Amino acid sequence: MRGAGAPHPRTSEPENPVLVVGDLVVEHRNRSTGEVFRAVDHVSLSIAPGASVAVVGESGSGKTTLAMAATGLGARGTGDIRLLGHSLSTIGRRELRRLRPEVQVVFQDPHGSLDPRQSVRSGLRELRALQPRRTSWIEDAELLGRVRLAPEILDRYPHQLSGGQAQRVCIARALLMRPRLIVADEPTSGLDVSVQADVLALLQEIRASTGAALLMISHDLAVVRSLCAEVHVMYRGQVVEAGPCEQVFVAPVHEYTRELLAAMPGARWRSRR
Amino acid sequence: MRAVSHLQLDPVSVRRASRRPRTSVFWLSLPLAVTVGLVFLLPLTGLLPDAGQNLDATRQPPGFLDGGAWAHPLGTDKLGQDVLTQFVSAGRLTIVIGLVGALVAIVPGTLLGVLAGYFRGWVDRVISVLINAQLALPFILVALAIIANRGSSLPVLFLVLALTGWAVCARVTRSATLAVRERQFVFGLRAAGASETRIVLRHILPNLAGTIVALGTLQVGTAILVESALSFLGLGVVPPRASWGSMLASGQDELSQAWWIAFFPGLAITLLVLLVNLLGDALLTHHDPRKRRR
Ligand SMILES: Nc1ncnc2c1ncn2[C@@H]1O[C@H](COP(=O)(O)OP(=O)(O)O)[C@@H](O)[C@H]1O
Ligand SMILES: [Mg+2]
């Protein structure tokens, strides 16, 4: 729990939540059969500035769909999404583009998150050109240092990076934007077990030092428990249980949460502690 | 997103699998480069026999046959003109038509395919209808209609090549774009505030470059075949210009007396198109992870 007690720069004045999702419904239409599948079913959640909120659920429960809709990057669906105080249903295209860098997403597949034709350096250069004022606060080498990467990495292409290195580059790219909300969609699922803990610690540290809120999406309860204060349990598109981590994990109310907890490796050991 | 997960192979297996196509690309390009070099450079050396008529030496067999003379290595035609000299200059036109014909198909095809695949919606619907309509029309009908209307000339030939070629290019680039636009880095760029134009021009197109080059190569083969077929029918390249296709056409009457007039251009078209198509396939395999895995 490194940095858990660090002061949040933005907690001095009460602020509006960085993200409010109200009664969100997102449906996917299968293009060949025309069938409609409800991936997110009446989900509501709210994230305060600097908070760390988790969404857990098995694969296919709609977590990614929720994250993409909530950040305005994917299918919108119906329902109210307020991102940093702006309603996504009424925001203009230009305004949305200006708002976007405030919200950064770290995806599951680190190699898929980097353009294979771009070296790390030219990727960062492009981000700086896109957001000149926002990104001038840190040099490339120092930025990579923040994610524990050596500056040699700058001249590599994505296929020359290991999964862990690529994910650190993705985190660095997100950090460069100085976001107010970081959405991490299963950021460690694609990585070797040996580097998973490091990447999680890094996310936690960045959250603590920048005061950004973190929306952590995972199917792994251990990850959630070590990183987040609040958890939403998703099952088949619905949030079946939500609350502070300790409460949900110690006294789960919903049957599905109990199953998840029972399936968790080392569950007994953890709950006894 | 599920549909494209197979494109996200781990890079190690991709690198390993791509080794073999690269060497075949080299060995296929080499004879093509030599052919192009010879056809364009030979006339500059002054080694080629004179192009003029010589009624004393009509229908001479090639130099390596009985009755042939090395003054005319590939023999002469019914007017005593040197076949090798004709062959080289006709080859030049054939190659130019192949390259330009591919370009005029690939440029609009790629543009429309990327637009349809990236922006989807009504843009996609309109372009897809056009693609399917074009693919449903038999090419020879399109060609005949245009040529009947406008006569045979090089610009008309390129119009025919563009019309008959763009749809295949558009269909392939459309589906390749559909796959790339769902890659996570595209969402990441959008999150950084990149415009759609920038994403298409700076990220989607470069990631399609391999596919486009491969398609263009295949299109060169198609253009040469179409040109040859039209010229054979007297609808493509017409005198005073000559291509390998039109040489084949003018040589067909002479097949019983002087087979070499039609034989060498025919052989050249076959080998050229075969090599170009093999090269295009190798390039496509090289750049298409779906094929690479097979
Ligand atoms: N673009 C899409 N088109 C159709 N169905 C989709 C699409 N994306 C996701 N789905 C479906 O929606 C459901 C939820 O997917 P997703 O949000 O990716 O879940 P998770 O991230 O929890 O694994 C899955 O059943 C998936 O098949
Ligand atoms: Mg997911």
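This is a predicted model: local features need pLDDT of at least 70, side-chain atom pairs count only at pLDDT 80 or more; totals for chains, interfaces and linings use all residues.
How much accessible surface does chain B have, and what percentage of that surface belongs to carbon and sulfur atoms? The accessible surface of chain B comes to about 14400 Å², and carbon and sulfur atoms account for 65% of that area.

1. Chain B, secondary structure. Chain B contains eleven helices and zero strands. Read from the N terminus, the order of its elements is α-α-α-α-α-α-α-α-α-α-α.

2. Chain B, dimensions and packing. Taken along the principal axes, a box of roughly 80 × 45 × 30 Å holds the C-alpha atoms of chain B. The chain has 294 residues, and 48% of them count as buried. Among contacts in chain B with a separation of 6 or more, 70% are between residues 24 or more positions apart.

3. Chain B, charges. There are 25 positive and 14 negative charges in chain B. The mean position of the positive charges and that of the negative charges are 20 Å apart.

4. Chain B, annotated segments. An unreviewed UniProt entry gives the annotation "transmembrane region" to residues 25-48, 93-119, 126-148, 154-173, 208-238 and 258-284 of chain B. Two of these segments can be described further. Residues 154-173 of chain B are 100% helix and 0% strand, with end C-alpha atoms 27 Å apart. Residues 208-238 of chain B are 81% helix and 0% strand, and there the end C-alpha atoms are 37 Å apart.

5. Chain B, helix 9. This helix covers residues 244-251 of chain B, and six of its eight residues are buried, so helix 9 is largely enclosed by the rest of the structure. The buried residues of helix 9 are Trp244(B), Gly245(B), Ser246(B), Met247(B), Ala249(B) and Gly251(B).

6. Chain A, annotated domain. According to an unreviewed UniProt entry, residues 24-261 of chain A carry the feature "domain: ABC transporter". Over residues 24-261, chain A is 37% helix and 25% strand. The end C-alpha atoms of that stretch are 26 Å apart.

7. Thr71(A). This residue sits in the loop between helix 1 (63-70) and strand 4 (78-83) of chain A. Thr71(A) counts as buried because its relative accessibility is 5%, and the cut-off for buried is under 20%. A polar atom of the Thr71(A) side chain lies 2.9 Å from the backbone oxygen of Ala67(A). With neighbours within four places in sequence left aside, Thr71(A) is in contact with Leu83(A), Leu88(A), Val103(A), Val105(A) and Val183(A).

8. Glu102(A). Is Glu102(A) buried or exposed? Glu102(A) has a relative accessible area of 16%, so it is buried. This residue lies in the loop between helix 2 (93-99) and strand 6 (103-106) of chain A. Leaving aside neighbours within four places in sequence, the contacts of Glu102(A) are Leu84(A), Arg134(A), Arg178(A), Pro179(A), Arg180(A) and Leu181(A).

9. Leu200(A). Helix 7 (residues 193-210) of chain A contains Leu200(A). With a relative accessible area of 9%, Leu200(A) is buried. Not counting residues up to four places away in sequence, Leu200(A) touches Thr188(A), Met216(A), Val223(A) and Leu227(A). Pro101(A) is 99 residues from Leu200(A) along the chain, and the C-alpha atoms of the two are separated by 22 Å.

How values were computed: Residues are numbered from 1 along each chain as its sequence is written. Chains are lettered from A and ligands numbered from 1 in the order in which they are written. Side-chain values use heavy atoms; hydrogens and water are left out. UniProt positions are given in the numbering used here, feature names are shortened, and annotations may be inferred rather than shown by experiment. Helices (H or I, at least four residues) and strands (E, at least two) are DSSP runs, numbered from the N terminus. Buried means under 20% relative accessible area, exposed over 50%, partly exposed in between (1.4 Å probe, protein chains only). A polar contact is a pair of N or O atoms within 3.5 Å; within protein, one must be able to donate a hydrogen and the other to accept it, and residues adjacent in sequence count only if both atoms are side-chain atoms. Contact means heavy atoms within 4.5 Å. Accessible areas come from the Shrake-Rupley method with a 1.4 Å probe; for residues, only the protein chains shown count as cover. Lys and Arg count as positive and Asp and Glu as negative; His and the chain ends are not counted. The place of a charge is taken as NZ of Lys, CZ of Arg, CG of Asp or CD of Glu.
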